Amino acid sequence: MTAPTEARPAPFALIAVALSLLVVPLNCVVFYLMLDGPRSELDTWLVLFLMLAGLQFVFGVVAVVAGVIERRRNGQGGLGPIIFGSLSALGAPAGAVGAVFLSALSSMGGAWGRPLRVKGRQLHPNLREGADWTDGDRPEAGALAEADRRALEALWLHDAQKEHASVPAFSRISWLLAAVGAPAELMTWSHRAAMEEIDHARRCFALAAGYGGRTFTVEPMPDLLLGALELKDDPLVTLAVESVSDGCQLEDFNADVAGECATVCEEPATKRLLEQIAREERSHADFSWALVEWLVQRDAPRVVPALARAVERLEGYPRPTAVSAEKQGLVAKADASVLRRHGRLPDERWAALWDVRLAATRDRVQRLLGGVQARAA
Ligand SMILES: [Fe+2]
Ligand SMILES: [Fe+2]
């Protein structure tokens, strides 16, 4: 005869599965905030999401274990906690991977700058209220609808963040140039590019202020203290490989996009900045090409194989998108024709320009390598 206490359903299993399932809607809310909230809060939401996912996983596992124990003791029951606990426990890591991916994706998106990476993660500064980085002409935005103004503000703020990140990115290049004994012309060019990126950032903040009617500035970037040079190979190889992807391909592409955006832009202040960015990003790409050529002259046996590998890997280089993941909600509410008149092209144009530039970069590197081989022969 079974003891009455053994026949009762195990409340522990039910509590565990209830807690596990309770966390799911909470995580959905946090995920929504990650998608639609301000970029400055993204890291907070990500941490909260990961903590909740951890709780969901633990409760799910506890529910499964409690269900299995109940089933062993009674020979029946416990199936609900096992099924729902398993689903909940499996959903937690899947959600966590998605959230981390979203967070990484949100740091991408179109912008006119050289990427800044620390520990393999692309960085740009978070924003807060302030005006010490705002300097430049402002657009005439008084007649625009609120949704259009908010979208344009968000897009120019994103560009400002990326332009700002380009400044330490060029500082790192200058550091590496000194390490390998580069000539004064290249060192000057690298510093000039950094100064131009400062100017781009300030002018992007000014355009954002004109569209949004409020000003923002940058938060400190303590992650820059975690690492800087990130050398995986010898510095000549690092400079060569990064110059091909981040410089030759990306900054030439930036110039292509900015140039086409300028041609469709009807707002005078915005158009002027787009033209300036197109011109100066082209110069930054030219700097990278000049650096690659100098590196080949300096040590062809080390640099040429690295360039060949770099050009093969270009296919997998992530293309910047016209709008970052976190801004897509805001931009979707705006009128696409208004965005175009204010110099914002759809992502299809970015994709098309990327493919053309990719082919051109690949051809140019291969011509360079062919010339080296011909001279050696
Ligand atoms: Fe640049
Ligand atoms: Fe720039």
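How many residues does α9 have, and how far does α9 reach from its first C-alpha to its last? I began my notes with this helix and found that α9 has 14 residues and reaches 19 Å, close to the 20 Å expected at 1.5 Å a residue, where the expected span is 1.5 Å times one less than the number of residues. I took helices (H or I, at least four residues) and strands (E, at least two) as DSSP runs, numbered from the N terminus.

**Ground rules.** I am reading a predicted model, in which local features need pLDDT of at least 70 and side-chain atom pairs count only at pLDDT 80 or more, while totals for chains, interfaces and linings use all residues. Residues are numbered from 1 along each chain as its sequence is written, and chains are lettered from A and ligands numbered from 1 in the order in which they are written.

**Confidence.** I looked up pLDDT, the predictor's confidence in each residue, from 0 to 100, and noted a mean of 88 for the protein, with 91% of its residues at 70 or more. Over residues 1–7 the pLDDT is below 50, and this stretch has 4 contacts in the model beyond near neighbours in sequence. Where pLDDT is low, the predicted coordinates should not be read in detail.

**Overall layout.** For burial I used C-beta atoms placed from the backbone: a residue is buried if 20 or more other C-beta atoms lie within 10 Å of its own, exposed if 12 or fewer, and partly exposed in between. Of the 377 residues, 41% count as buried. Two residues are in contact if their C-beta atoms, placed from the backbone, lie within 7 Å; among the contacts with a separation of 6 or more, 84% come from residues 24 or more positions apart.

**Back to α9.** Which residues of α9 are buried? I listed V303, A306, L307, A310 and V311, and, seen down the axis of α9, its buried residues fall within an arc of 135 degrees, so they line one face of the helix; the arc is that of the directions from the helix axis to the C-beta atoms. The face turned away from this buried side carries the exposed residues P301 and E312, whereas the cover over the buried residues of α9 includes α7, α8 and α12.

**Cores.** I treated a nonpolar core as a set of buried Ala, Val, Leu, Ile, Met, Phe, Trp, Tyr and Cys residues joined through C-beta atoms within 7 Å. The largest has 67 residues, and those with the most contacts inside it are W156, F205, A208, A240, V244, A258 and L307. The elements giving two or more residues to this core are α5 (146–179), α6 (184–212), α7 (235–264), α8 (268–298), α9 (300–313) and α12 (347–376). A second, separate core of 19 residues includes V30, L52, A92 and A99. Returning to W156, I found that it touches C204, L207, A208 and Y211, not counting residues up to four places away in sequence.

**L274.** I placed L274 in helix α8, where L274 is buried because 25 other C-beta atoms lie within 10 Å. Leaving aside neighbours within four places in sequence, L274 is in contact with A258, C261, A262, C265 and G343, and its C-alpha is separated by 9.6 Å from that of W112, 162 residues apart along the chain.

E70 is buried, with 24 other C-beta atoms within 10 Å, whereas M51 counts as partly exposed, with 13 C-beta neighbours inside 10 Å. C-alpha to C-alpha, E70 and F12 are 9.7 Å apart in space and 58 residues apart in sequence, while M51 and A96 are 9.3 Å apart in space and 45 residues apart in sequence.

**Positive phi.** I noted that phi of K119 is near 55 degrees, a positive value in a residue other than glycine; K119 lies in the loop between β1 (117–118) and β2 (121–122) and counts as exposed, with 9 C-beta neighbours inside 10 Å.
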